[in-house]
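Me: Please go through this structure with me, one question at a time. I would like the cut-offs spelled out as we go.

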Amino acid sequence: MFTLDQVVPWGRSFDEYRRMFALTNHDLCLRIIGCGDGPASFNAEATRLGFRVISCDPIYRWDAVHIEDRIAATYNEVLEQVRKNVDEFVWASIRSVEELGLVRMAAMKEFLSDYPVGKNEGRYIDAALPILPFPSESFDLALSSHLLFLYTTQLGEDFHRAAVREMCRVANEVRIFPLLALGGRRSAFVERIADECGNSAFEVSIDNVPYEFQRGGNQMMRIRRI
Ligand SMILES: C[S@@+](CC[C@H](N)C(=O)[O-])C[C@H]1O[C@@H](n2cnc3c(N)ncnc32)[C@H](O)[C@@H]1O
């Protein structure tokens, strides 16, 4: 079973974010915050296309050289885990472990080249859930890709509840992808978090999305302020 002891820096592209979160052109024009964006190229590519994205991650306390070192230190471990568990993934748009390495590294390089400028512009903020340094409702849309639910065991239920509450505080809508934990099973927290949010001023849905890399991972949670 695919497993990691801790949350690792690993970055996806704008196109993957677009599909994971079923982002429409209208969505992309909103004020977006990416929570735990790490070395993804979503912010870099979105900015180049003229959209407004702020990314938060504790790795942004480091400079580009240090982040690149951290990526290099975990890169082989992640690919080795994928290699040992190939059946847990769908090899359709990415066809092999080698291609996965190339695609992820291309996205992370794009992030690294944008990072110094983006940090100066305030697009990369050193912040860690469950505390975001923004006033309430500063954003239209908050995204969490491959952090919440994925690291179910490592982060625990209290952290998940507090993190989702905080994302709901700063944004009018929250989308979380995937709903699966590492290893490919649906996180036990999905239904409990949905119940908690559904009992407050939010409506919750589980929506299918046009993206599946972890086998069975083609759904996001959508939480909207009523
Ligand atoms: C697997 S990476 C995913 C990166 C990106 N979202 C993507 O899908 O390509 C997980 C990221 O979560 C970040 N992270 C870990 N703990 C966090 C926290 N408490 N708040 C925000 N981000 C966190 C890590 O630093 C890492 O960059």
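Predicted model: local features only at pLDDT ≥ 70, side-chain atom pairs only at ≥ 80, totals over all residues.

Me: Which residues does Lys 119 touch, leaving aside neighbours within four places in sequence?
Reply: Contact here means heavy atoms within 4.5 Å. With the neighbours within four places in sequence set aside, the partners of Lys 119 are Tyr 60, Arg 61, Trp 62 and Tyr 124.

Me: Is Lys 119 buried or exposed, or in between?
Reply: The classes are buried (under 20% relative accessible area), exposed (over 50%) and partly exposed in between, with a 1.4 Å probe and protein chains only. Lys 119 has 33% relative accessibility, so it counts as partly exposed.

Me: How far apart in space are Lys 119 and Ala 188?
Reply: In sequence, 69 residues separate Lys 119 and Ala 188. In space, going from C-alpha to C-alpha, they are apart by 36 Å.

Me: What volume does the largest pocket have?
Reply: On a 1 Å grid over the protein atoms alone, a pocket is an open set of points where a 1.4 Å probe fits, with protein on both sides within 12 Å along at least five of seven lines; lining residues have an atom within 4 Å of a point. Grid points are joined across faces, edges and corners, and a volume is the space filled by probe spheres set on the points. For the largest pocket that space comes to about 690 Å³.

Me: Which helix gives the most to the lining of the largest pocket?
Reply: The lining has 42 residues, and Val 7, Val 8, His 146, Leu 147 and Tyr 151 lie nearest the centre. At least two residues each come from helix H4 (64–84), helix H5 (97–120) and helix H6 (152–170). With three residues, the top contributor is H4.

Me: How many residues of that lining are nonpolar?
Reply: Ala, Val, Leu, Ile, Met, Phe, Trp, Tyr, Cys and Pro count as nonpolar, Asp, Glu, Lys and Arg as charged, and the others, Gly among them, as polar. In the lining of the largest pocket, six residues are polar and five charged, and the nonpolar ones number 31.

Me: Which residues come nearest to the ligand?
Reply: A residue is near a molecule if one of its heavy atoms lies within 4 Å of it. The ligand has 21 residues around it, and the nearest are Arg 12, Gly 36, Asp 57, Leu 129 and Ser 145.

Me: Which side chain makes a polar contact with the side chain of Ser 145?
Reply: Ser 145 sits in strand S4 (residues 139–145) and counts as buried because its relative accessibility is 5%. A polar contact is a pair of N or O atoms within 3.5 Å; within protein, one must be able to donate a hydrogen and the other to accept it, and residues adjacent in sequence count only if both atoms are side-chain atoms. At 2.9 Å, the side-chain partner of Ser 145 is His 146.

Me: What is the omega of the peptide bond from Leu 129 to Pro 130?
Reply: Pro 130 lies in the loop between strand S3 (124–125) and S4. The bond from Leu 129 to Pro 130 is cis, with omega near 15 degrees.

Definitions and conventions:
Residues numbered from 1 in each chain as written. Heavy atoms only, no water. Helix = DSSP H or I, 4+ residues; strand = E, 2+ residues; numbered from the N terminus.
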